Amino acid sequence: MDIKKFDSKDFFLNLGATVALYTVVISLMNLLFTVINYAYPKVTSGYSYYNASQSISWPVAALIVVFPIFVYLMWILEKTYRHSLEARNTGIHKLLTYVTLFIAGLVVVGNLVTVLYYFLDGQDITTGFLLKVLALFVVSVSLFTYYLSDIRGTLTSKSRKGWRIFAAALILISIVLGFAVLGSPATQRKYKQDNHKMNNLQEINNFITSFYAENEKLPETLNDSMGLGYYPIIIDSQTQKPYEYIKTGDLTYSLCAEFNLPSDPKMESISAPRDMYYYGGISGVHPAGRHCFEQTINPNTYSKAPLR
């Protein structure tokens, strides 16, 4: 066997397996933490309109694609090492294994510090904190146990197969749990569409307040505010119908839209700032179907009194 060719092949197989492992572990922890944060949301001081569409799409996609690649590369390495015990003791294999353990240790410690910070800061309630610690414990212990056994040469073909089944089952359960808690792709698409509608309404609301600041009166229609030099999106891309703007008084108006699903209270902050209207904000709470947000202009905010 050509040693140089073998070393080159061994290097790239080990490197590919290591990169795939990092991707799988990071994606799995991202998925688990997203599900836990959704079920037990952190308490923040700001207001955020974001819902179940914040999502598990990237980690699930990465797991579905990269995990089989990781298993395949590890199978090739195992097959190579079975026919050549010298290959198992090559420097690149041991080096990348130790690097993997080192980086995994840093990631685990960093995550534990972050999780503990959110708990001590009062942002993460006890159940969410304990579930994150449990997830970190299961993944880190499994990772360290497998690679330490690999370094010591105590892994057999049967035990490697058992580890593959365990990892596949853990990932599959995590993905199913993610979709069960946050909703199917179809449900997440509806949340994203509703989130897009809310962003458009926020922009329209900003234009209306800008119009009031310039003219000290509300526009009669949305077309009246087009002279500001920039234009909001006034057509719902899903329904292809214009958003509704209804002037209800000299300082009051309504903005209406059709929503697919009711807003998810778990993904909204527990307390919105008292000066939300000062910044021209709109509450993200809405039911399914047509809903109007009642808005009120504070004339003191946009007073043109001369400065002293």
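Trainee: Which residue just after helix 7 takes a positive phi?

Mentor: Glutamate 216 does, with a phi of about 55°. This is a predicted model, where local features need pLDDT of at least 70, side-chain atom pairs count only at pLDDT 80 or more, and totals for chains, interfaces and linings use all residues. Residues are numbered from 1 along each chain as its sequence is written, and side-chain values use heavy atoms, with hydrogens and water left out.

Trainee: What makes residues 185–215 a helix?

Mentor: A helix here is a DSSP run of H or I with at least four residues, while a strand is a run of E with at least two, and both are numbered from the N terminus. Helix 7 has 31 residues, so it passes that cut-off. Its span from first C-alpha to last is 45 Å, close to the 45 Å expected at 1.5 Å a residue (1.5 Å times one less than the number of residues).

Trainee: Why is histidine 286 called buried?

Mentor: Buried means under 20% relative accessible area, exposed means over 50%, and partly exposed lies in between, using a 1.4 Å probe and protein chains only. Histidine 286 has 4% relative accessibility, so it counts as buried.

Trainee: Where is histidine 286 found?

Mentor: Look in the loop between strand 2 (252–259) and strand 3 (289–296). Serine 263 is 23 residues from histidine 286 in sequence, and their C-alpha atoms are 5.4 Å apart.

Trainee: How many helices and strands does the chain have?

Mentor: There are seven helices and three strands, and from the N terminus they run α-α-α-α-α-α-α-β-β-β.
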